[in-house]
Amino acid sequence: MNTCCTNFIKRITAYFEAKFTKDKDCTKDAVNVVESFSKAKVLYKTLCKKCHPDRFVEEEKKLIAENLFMRVQHNRYDYEALKCISDEVDQSLD
Amino acid sequence: MRLWEFIKNIINTIMDGSLERVRIIRAMNENFQESYYSGGIDRLCRVSIGAGDPEFAHEMSSMWVRSGFRITIENDLGLADSEVFEISDYILQNKSFIRQLMALGFDTLIVQGKVTRRGKLFCLKSYSNLNEYMLH
């Protein structure tokens, strides 16, 4: 009887552990929301300055900057998206 | 049916979505605390489950007492409306997060101060772009 109870408790514990450590991370978006709240504003302002189309004279770079600037405006509340755009800005405009 | 399978089914039925809710709320609270301690944000926010507005209900809503996704601002001295809207914007502009909240049974976003109780309620389904798929 005693071992039966122990086994049952073990199985219940293992079941909840497995449920809590799922492979698919469901908190990704939630964490991004909080990170956006604390960090997106600064990154947004930096990116606006970096890729403002008026900074560029060459037509080709101006077009790239316009595209990036629009994407920055569209994703101003999304830190993850702004980080990706920041990498692109560094690659294509520097 | 084996006893273990039967118990697992009961647990799944009772806890349906609850563990995911708990994980999301815990992760957000931890991150809000870290950001506040490190100086990233000036208002300390705490996320919890509250009563939603029955008028904002949709097909996936939980019972109204647990359908509100509440963000309480702990240090709410001099809290301006613009700050409430700014906090809500970070959630309402994230479409995938709104859909996740709706799938977990939330229908109302509540942003309010802890002491002043000043705040605002937002209907999640209005921001999810799912209107043509919703019955009401």
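# Briefing on a predicted two-chain model

Of the contacts in chain A between residues at least 6 apart in sequence, 59% join residues at least 24 apart. The model is predicted. Chain A holds four helices and zero strands, and 18 of its residues are in contact with 22 residues of chain B. The largest nonpolar core has 41 residues, and both chains contribute to this core.

**Chain A overall**

- The elements of chain A, read from the N terminus, run α-α-α-α.
- Chain A has 94 residues, and buried residues make up 26% of them.
- Ile9(A) lies in helix 1 of chain A.
- Ile9(A) counts as exposed because it has 10 C-beta neighbours inside 10 Å, and a residue with 12 or fewer is exposed.
- Ile9(A) and Glu66(A) are 57 residues apart along the chain, and 61 Å separates their C-alpha atoms.

**Where chain A touches chain B**

- The contact between the chains involves 18 residues of chain A and 22 residues of chain B.
- On the side of chain A that touches chain B, helix 1 (2–20) and helix 2 each supply at least two residues.
- Helix 2 of chain A gives the largest share of that side, ten residues.
- By class, the side of chain A that touches chain B has nine nonpolar, three polar and six charged residues.

**The largest nonpolar core**

- Among the 41 residues of this core, Val72(A) and Leu124(B) have the most contacts inside it.
- From chain A, helix 2 (28–50), helix 3 (59–74) and helix 4 (79–93) each supply at least two residues of the core.
- From chain B, helix 2 (18–38), strand 2 (68–73), helix 3 (81–92), helix 4 (95–103) and strand 3 (108–113) each do likewise.
- Helix 2 of chain A provides the largest share of the core, seven residues.
- Leaving aside residues up to four places away in sequence, Val72(A) touches Tyr44(A), Leu47(A), Cys48(A), Cys51(A), Leu82(A) and Ile85(A).

**Helices 3 and 4 of chain A**

- Helix 3 of chain A packs against helix 4 of chain A at an angle of about 170 degrees, and their axes are 10 Å apart.
- Angles over 145 degrees count as roughly antiparallel, so helix 3 of chain A is roughly antiparallel to helix 4 of chain A.
- On the helix 3 side of this contact are Lys61(A), Ile64(A), Ala65(A), Leu68(A), Arg71(A) and Val72(A).
- They meet Leu82(A), Ile85(A), Glu88(A), Val89(A), Ser92(A) and Leu93(A) in helix 4 of chain A.
- By class, the contact of these two helices has eight nonpolar, one polar and three charged residues.

**Helix 4 of chain B**

- Phe97(B), Ile98(B), Leu101(B) and Met102(B) are buried in helix 4 of chain B.
- These four residues are on the same side of helix 4 of chain B, because they cover an arc of only 140 degrees around the axis.
- Ser96(B) and Ala103(B), on the other side of helix 4 of chain B, are exposed.
- The cover over the buried residues of helix 4 of chain B includes helix 2 of chain A, along with strand 2 and helix 3 of chain B.
- Gly105(B) follows helix 4 of chain B and has a positive phi, near 100 degrees.

Technical notes:
Residues numbered from 1 in each chain as written. Chains lettered and ligands numbered in written order. Predicted model: local features only at pLDDT ≥ 70, side-chain atom pairs only at ≥ 80, totals over all residues. Core = buried A, V, L, I, M, F, W, Y, C linked by C-beta atoms within 7 Å. Buried ≥ 20, exposed ≤ 12 C-beta atoms within 10 Å, placed from the backbone. Contact = placed C-beta atoms within 7 Å. Arc of directions from axis to C-beta. Axes fitted to C-alpha atoms, helices over the stretch in contact; angles between N-to-C directions. Parallel < 35°, antiparallel > 145°, perpendicular 65-115°, else oblique. Nonpolar A, V, L, I, M, F, W, Y, C, P; charged D, E, K, R; others polar.
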